[in-house]
Amino acid sequence: MAWWCRRSIGDGNFVKILGLLRHAKSEWDDMAKRDFDRGLNDRGRRGGVLIGEHIRSHGIKWNRLVASPAVRVKETLQCALPEITPVFEDKLYLASPDTIVETAQAHCASDDAEEADTILIAAHNPGLQELLFDLVSPSHENDLFHEASVKFPTATFAVLECNVERWADLKNHCAKLVHFARPRDLDPDLGPEF
């Protein structure tokens with residue numbers, strides 16, 4: 001059984017996998033454009049393609065991809081994961097951590113035992129980074145968490161193992177950050193601009 005599949009972690013509980021993807025770097029050339037309508041710049045498109053290759057090579061089979069409908073998120077997904085059909089959820093545009101959790105629960109819940117085990121949320125900061133602060137247990141803070149707490153840059157991909165059997169049980173301090181990748185980790189040319 002692959003590591004991302006439904007599995008017991010030894011104490012009778014199960015693990016759900018929550019992926020977080022922040023949109024890639026957006027354009028700021030047209031200041032008259034609404035925030036919602038801003039697309040990606042060239043650097044963002046490069047970062048989107050690179051993080052998409054990384055997500056595929058990471059090996060998780062995503063049961064659901066739920067995304068903000070903002071143009072920059074749509075363009076990120078077209079660059080990064082064109083093979084996955086996302087469900088666009090209006091509530092994810094600039095969503096708070098609570099709204100992100102509610103959205104994951106709504107899109108993955110099932111009345112039977114075949115509830116989705118993996119969900120990838122594509123959205124915005126500060127909600128994604130704040131969600132990490134809420135979900136990661138202080139006892140599970142690790143080097144990845146410390147990196148993510150400093151900055152959750154554009155086109156960042158994070159994976160959390162959530163110690164819950166059902167998505168309805170997703171709550172504060174139930175998770176561990178097990179993967180964190182930024183475009184600059186994959187290509188130094190996509191590091192911070194000075």
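I looked up the largest pocket to begin with and found about 300 Å³ of space in it. I am working from a predicted model, in which local features need pLDDT of at least 70 and side-chain atom pairs count only at pLDDT 80 or more, while totals for chains, interfaces and linings use all residues. Residues are numbered from 1 along each chain as its sequence is written, and side-chain values use heavy atoms, with hydrogens and water left out.

I noted that a pocket is an open set of points on a 1 Å grid over the protein atoms alone, where a 1.4 Å probe fits, with protein on both sides within 12 Å along at least five of seven lines, and that lining residues have an atom within 4 Å of a point. The volume is the space filled by probe spheres set on the points, which are joined across faces, edges and corners.

I then listed the lining of the largest pocket, which has 17 residues, with Lys-25, Arg-43, Pro-153, Thr-154 and Leu-190 nearest the centre. By class I found six nonpolar, four polar and seven charged residues in this lining, where Asp, Glu, Lys and Arg count as charged and Gly is among the polar ones. Helix H1 (42-58) and helix H6 (183-186) each supply at least two lining residues, and H1 gives the most, with three.

**Helix H1**

I turned to H1, a helix being a DSSP run (H or I) of at least four residues. H1 has 17 residues and spans 24 Å from its first C-alpha to its last, close to the 24 Å expected at 1.5 Å a residue. I checked which of its residues are buried (under 20% relative accessible area, 1.4 Å probe, protein chains only), and these include Arg-43, Gly-47, Leu-50 and His-54. The buried residues of H1 pack against several elements, among them strand S1 (16-22), helix H2 (71-80) and H6.

At the N-terminal end of H1, I found Asn-41 as a cap, with a side-chain oxygen 3.2 Å from the backbone nitrogen of Arg-43. Just after H1, Gly-59 takes a positive phi of about 95°.

**The loop between H4 and H5**

I looked up Ser-137, which lies in the loop between helix H4 (127-135) and helix H5 (143-150). Ser-137 counts as buried because its relative accessibility is 10%. Its side chain makes a polar contact with the side chain of Ser-139 at 2.8 Å, the term being used for a pair of N or O atoms within 3.5 Å.

Asn-142 is found in the loop between H4 and H5, and its side chain reaches the backbone oxygen of Leu-177 at 3.0 Å.

Technical notes: The expected span of a helix is 1.5 Å times one less than its number of residues. Buried means under 20% relative accessible area, exposed over 50%, partly exposed in between (1.4 Å probe, protein chains only). Contact means heavy atoms within 4.5 Å. A polar contact is a pair of N or O atoms within 3.5 Å; within protein, one must be able to donate a hydrogen and the other to accept it, and residues adjacent in sequence count only if both atoms are side-chain atoms.
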